[in-house]
Amino acid sequence: MSDTIQTPHQEPMGTFDDEGNYIPRKIIDDDLGGISIDEAYDNSMVSVEDGQLVEGTVVKVDQDEVLLDIGYKSEGVIPSRELSIRNDVNPDEVVKLGEKIEALVLTKEDKEGRLLLSKKRAQYERAWGSIEDKKEADEPVEGLCIEVVKGGLIMDIGLRGFLPASLVELRRVRDLQPYVGQTLSAKIIELDKNRNNVVLSRRAWLEETQKEQREDFLHNLKPGERRKGVVSSVVNFGAFVDLGGMDGLVHVSELSWKHVDHPGSIVAVGDEIDVQVLEVDLDRERISLSLKATQQDPWQEFASNHQVGELVYGRVTKLVPFGSFVQVGDGIEGLVHISEMSAHHVDLPEQVVTPGEELWVKIIDLDLQRRRISLSIKQAAEGGVVAAEYQEHFGEHAYDDEGNYIGGDETSEGQEAWAELYAEEGAAAPAAEGEATAADAPVAEAAPAEAAPAAEEAPAEAPAPEAPAAEEAAVAEAAEPEAEA
């Protein structure tokens, strides 16, 4: 039995016609429709133009670029800077391998022959239409706050929208960093497609959505009433206080009865304070507040506890051509006119006193309404009744018949303090009879800015109240060591 060799089935080869010409075997149908293979290849490629929006699949993600297959003869390249409206992002955080995304054609062929695309600009194109519609309809936009820039915030609303710091809240916000990562709503107040410029206002949105609530709050707020609030911001001209519904302004002039160099020296952000409502402007929705109105007026307090003719102790704060200012209380200054500085003629104040010197002065005029106090060093040297706060130490009971200080109750804290001072400085000898020293002069107080006119008027000399010789000597002797101290 012979073996049979089997061969695989083969299609017949070509054939020959009657004339012996070879006819090749037909492998595939001609479906090109009469065009060449090159033309068919070109027709299978996507045609693109600069500025065209295309869709493709992410086929590669690198640190500095992403490759996108859009069906073109080569993959398109998206540089990392063209991936997102956010700056300095990692491409892996924006796209994933195999993801379908939209891009805009920047150029069909750069100098390296690459197709350059931009995902960011495609996003811009899609977003502009929506944003323009919202602007026309006066509707708010919503977006994630992505970064802090000079002067404000950047919001992702499909493109980079700028939110100025002054328009983030109803009041200006100093620290913008806490807003990063928050989703905010805002109104569009400026739109310029040619410059890719969108300006937003969250304050406008808040004013619109909280209008009714603010109106109720303002109508229920009455001038004169006291409210608790929290300092929300401090500026050069004052401090804003959150009253629990709206912010009110405490102007720098209403922060304290004393002179204020900067509001930050009186209050700080976060402080809880009591304020008094001064004025409510319903039309402009502004509230004026006062902090000092909740505190006792030091001038009123001084006027209540002192009277003309009393001796008070003070410190020279400033010399002016017409006299010197002397501080006689916390925030209280009075004027010693040059004519009241000494019993003899004085050409210049520095001939009698120096800034920082402490001495006795007599109150010769007290004008609470104008907040002016006229003082006299000359009359203080003649003696008089010591003001109540000094009575414990300098009253008549603290001296013997010869004018020597005998101190009174040594167990008193005040006595102990004076005893320490005497121990440190040593008791000075009393001034010679009839001799006036700078330390013997009392101090008075007046507002520096307003005191000049009063000084020029040369206040009338008030007669010193009668006092025993012992008391006069006591005042002079007790004042001298303190002035030296």
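Asp 274 is partly exposed, at 35% relative accessibility (buried is under 20% relative accessible area, exposed over 50%, partly exposed in between, with a 1.4 Å probe and protein chains only). The model is predicted: local features need pLDDT of at least 70, side-chain atom pairs count only at pLDDT 80 or more, and totals for chains, interfaces and linings use all residues. Residues are numbered from 1 along each chain as its sequence is written, and side-chain values use heavy atoms, with hydrogens and water left out.

- Asp 274 pairs with Lys 228 in a salt bridge, with 3.0 Å between the closest N and O atoms.
- This pair links distant parts of the chain, since Asp 274 is in strand S16 and Lys 228 in strand S13 (residues 226-235), 46 residues apart; strands (E, at least two residues) and helices (H or I, at least four) are DSSP runs, numbered from the N terminus.
- Lys 228 is exposed, at 54% relative accessibility.
- A salt bridge also joins Arg 214 and Glu 285, whose closest N and O atoms are 2.9 Å apart.
- Arg 214 is buried at 5% relative accessibility, while Glu 285 is partly exposed with a relative accessible area of 22%.

- Arg 114 and Glu 112 form a salt bridge through their side chains, at 3.5 Å from N to O.
- Glu 112 is exposed, with a relative accessible area of 56%, and Arg 114 is partly exposed at 28% relative accessibility.

**Helix H6**

- Helix H6 spans residues 298-305, and Pro 298, Trp 299 and Phe 302 are buried in it.
- The buried residues of H6 line one face of the helix because, seen down its axis, they fall within an arc of 100 degrees, the arc being that of the directions from the helix axis to the C-beta atoms.
- An α-helix has 3.6 residues a turn, so residues three or four places apart point the same way.
- The cover over the buried residues of H6 includes strands S19 (323-329), S20 (332-337), S21 (358-367) and S22 (372-376); contact means heavy atoms within 4.5 Å.

Notes
Salt bridge = Lys/Arg side-chain N within 4 Å of Asp/Glu carboxyl O.
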